[in-house]
Amino acid sequence: MSLTTILQAIVGGLLLGGIYALLAAGLTLIFGVMRVINFAQAEFMMVGMFATYVLATGLGIDPLLLALPIGGILALLGMVLAQGLLERVPRGDHNAQLILTLGVSLVLQNLMLVVFGPTPRPVVRPYTNSYWTPFDLFINEARLFACLASLVIMVALYLFLTRTWTGRAMRATADDPVAAGGVGINVRRTHVLAFMVGTGLAGVAGTLIVTFTAAAPSIGNDFIIIMFLAIVLGGLGSVAGATLGAFVVGLVQSISGLLLPLQLQNVMLFVVFVLILLVRPQGLFGLRQRV
Amino acid sequence: MAAGGVRAARPCALQSRLRAYSVPVIAFVIFVAIVGQITDFYLSRLAALIAFWAAVGMTWNLIGGYAGQLSLGHAAFVGLGGYVALVLQQEFGIMPWVGLLASTVAAALAALIVGAPTLRLSGIYFSLATLAYPLILQVLFTYWGYQEALIPAHPESPFLFMQWRDNRWYAAIFGTILIFCWLATVFLERSHWRYLLTAVREDEAAASAVGINTWLVKLWAFVISGSIAGMLGVIYAQMLFVVTPETMFGIGVSVQALVVNLVGGVGYAIGPLLGTLIAVPISQALEAQFGSISGAAQLVYGLVLIVVVLTIPRGLIDELQRIDPSRHPTLGKLQAWLTRGTTDVTPPPASGVVAVAANASLAKGEVLLNAEGLGKAYGGVIALRDFNLEIRQHEFIGIVGPNGAGKTTLFDLLTGFQRPTSGRLYLRGENVTRSAPYRLARSGIRRTFQIPRPFGRLSVYENAMLGGLVGATEVAASSMDEATWRPLCAVGLEHLANKPAESLGPSQIRLLEVARALVSRPTLLLLDEPLAGLDASEVHELINILRGQQTEGLTIVLVDHAIGTVAKIVERLVVIDNGILIADGAPVEVTRMPRVIEAYLGSRWDHARD
């Protein structure tokens, strides 16, 4: 195994991690604020991929320009679902919430299957198959752009959570909903908002991912464990932790590709997932602070 | 572990037992009679699927409902069972009947290996971990080349190879396992296992405080649940004939096990059966209706799921319980039956004897519990430093200190709820520093909690009874009822015996915790702020009870921050400040110590006295 191969795997892992960070941040934000494990998170990403496919191929708009508008559409979908479904069952009834997100996941996945069929729909752009080659490394431009865009959005999310009153209200609600209500924060509105931010981030991730991976109704299944692993690594509910966790997951996935046959790559992820849970359920980085 | 008293408390025990067990048997007879008439292929397949999913649902209900551990990976056992038998048959030509045995054992072993570490996790972490197990197996079996496994056909001997063309045979065999599961659940609900599992589900800390090894209880439930699910998987695979890792290990299997429970009612014997009778025909009808368009049936199923959760978030049975029974007389009976026919208990006639004889194994004054240099640090924060305390038999000790002084930490260390970072703990000379809370509880150390932890949905009587269900001082089955009533009468809660604990007021819950601790006839009773929230007369009453227990031989340690009140009632006063023991002695002397006054009132007051 040459140094270049290893470097290549590390760079590939970091690029992946940057994109996973968006998905994991959204999922962990929803958990942190609402205490809901959103099983439909990967399906929101998948819907974002299909929306990008339709707009990019139909109107010829570049997916990178579509990232924010589609994020907005997914946030609206998230608002409808949070208001119409999740906030209508008793808060703290985890079974009901779990089944609701599972139901949403089933509906979205199969709705796309009915509309688009099982054939993968790629969005091919000039950068999809071109590479940047510094130091003998092959860096896919689509992945690079996606990762950079993702990092910009992560910085924006960080500023939103720490510098705006809405963001602070969200963190306060995550910390203690009762106390948050006591100081005048509208907890219900904050819950809906957190869900919107979470689904919006998944939508953005979808537009970025579709530039190098074809959209397919079942694609969410490949991502859901990755997301869970990232947020568990980072300590459930911590956005900073989830971001770090996402990079670790990207690296594990990419490096295990060097050592294991392709089909077993995911086993490695699942095993790491279980081991982390068993050894350090509070997360690898001990980032105690919620959201 | 005995609970004979529970049974004895019920009138006409034999008759009620017969009635409880006869329902599943009658249901089975009806099921067989109906299935026998079906000749249509699809209808008989539907009957087989209903029996299969109801049985799978019941196995999930054991761990997910009764033990309260929301498993999202039940497919791991169904799939493993199916695949072990399948591989044995494909590779070695072993008959599925033998495979059935091998698969059951394999699934039980898998549950043991996976459950032992995973069941140490709590709540959401357990659920997330279970999500991964079937996925790992799915990838592995795909990798080993079983993407689409065809079971070797043996049309000549359907009985030997479980390969019937007639689905009714599958329906019959699933039906048999279903009835077995149902009867087992009825048995569980009528045995002390119901109380052990409910205690674990309601509050694991409180369960350990009454001496229950919560991990072991959960592990038993997990292994039994997994092994039967594995058995079901074998027959399911044979019925499907063409098997893919997705159909056996896929998230769909785990979700279906969960869904039939949620629709019917989690934690009820009949819940999964009710849920299956609704969910499976719907999904099959949808498949028949929209099967031609891929995804359409699943789409509608997802919508149905959402509507069901929104209309009956806690399942059909809970919904049924909410209807006022006074308007429908038969409904009342049905509700009583669904709530496991818990019979109300009546307090014994007042006998005046309210003393609960403690377990005095040592003579007065001998060292019972000995803490040597006990210390506890949370990261950089030191909560307790080099703490030495000898608790002697028959003593009544008060531990006081300002808020945050380390009192609750000390209690947690003395009862095993936390491990000390330094020092040792001896019980009757035996090193128990690393003993689990349930072990200490079983050796006669019982505690109450600063924030009371009753088993909310159990009745007051059941809460108290749980105190004596397990442990070294375990109460003999015959005297269980008496042992439960005595402390309940002593604290004056006998008139509320049939009320659920969650309906009690704050001071009554505190008294209930004291009663629960006393039922086990402990040697040492540790009370964490028992006087908080009690009014003057209640304080007086509780102190009288405690004094009475002390004269019977009980050793009591009481923690509070109100030094004035505590000094008046105890024989020995220990003062903690900033995690350090600053005084230990007779209350009169301790309250005069300058250091104690300083800790409580600040140094200014100390000077003012001079």
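H394(B) is buried, with a relative accessible area of 18%; buried means under 20% relative accessible area, exposed over 50%, and partly exposed in between, with a 1.4 Å probe and protein chains only. This is a predicted model in which local features need pLDDT of at least 70 and side-chain atom pairs count only at pLDDT 80 or more, while totals for chains, interfaces and linings use all residues. Residues are numbered from 1 along each chain as its sequence is written, chains are lettered from A and ligands numbered from 1 in the order in which they are written, and side-chain values use heavy atoms, leaving out hydrogens and water.

Let us stay with H394(B) for a moment. You will find H394(B) in the loop between β4 (381–392) and β5 (396–400) of chain B; strands are DSSP runs of E with at least two residues, helices are runs of H or I with at least four, and both are numbered from the N terminus. Most residues other than glycine have a negative phi. The phi of H394(B), however, is positive, near 75°. N578(B) also has a positive phi, near 50°, and sits in the loop between β11 (572–577) and β12 (580–585) of chain B. With 58% relative accessibility, N578(B) counts as exposed.

Chain B as a whole comes to 27 helices and 12 strands. Its C-alpha atoms fill a box of roughly 100 × 55 × 45 Å along the principal axes, and 56% of its 610 residues count as buried.

Next come two helix pairs. Axes are lines fitted to C-alpha atoms, for helices over the stretch in contact, and angles run from 0 to 180 degrees between N-to-C directions.

| Helix pair | Angle | Axis distance |
|---|---|---|
| α13(B) (251–264) and α14(B) (271–290) | about 115° | 7 Å |
| α10(A) and α11(A) (265–279) | roughly 140° | within 9 Å |

The angle of about 115° makes α13(B) roughly perpendicular to α14(B). At roughly 140°, α10(A) is oblique to α11(A). Angles under 35 degrees count as roughly parallel, over 145 as roughly antiparallel, 65 to 115 as roughly perpendicular and the rest as oblique.

Finally, look at the surface of chain A. A nonpolar patch there has about 660 Å² of accessible area together, and its residues include L3(A), I6(A) and L259(A). Helices α1 (3–34) and α10 (239–259) of chain A each supply at least two of the patch residues, and α1(A) gives the most, with 5. I6(A) belongs to helix α1 and is partly exposed, at 34% relative accessible area.

Patch residues have over 30% relative accessible area and no salt bridge, with nonpolar side chains (Val, Leu, Ile, Met, Phe, Trp, Tyr) joined within 5 Å and like charges within 9 Å. A salt bridge is a side-chain nitrogen of Lys or Arg within 4 Å of a carboxyl oxygen of Asp or Glu. Accessible areas come from the Shrake-Rupley method with a 1.4 Å probe, and for residues only the protein chains shown count as cover.
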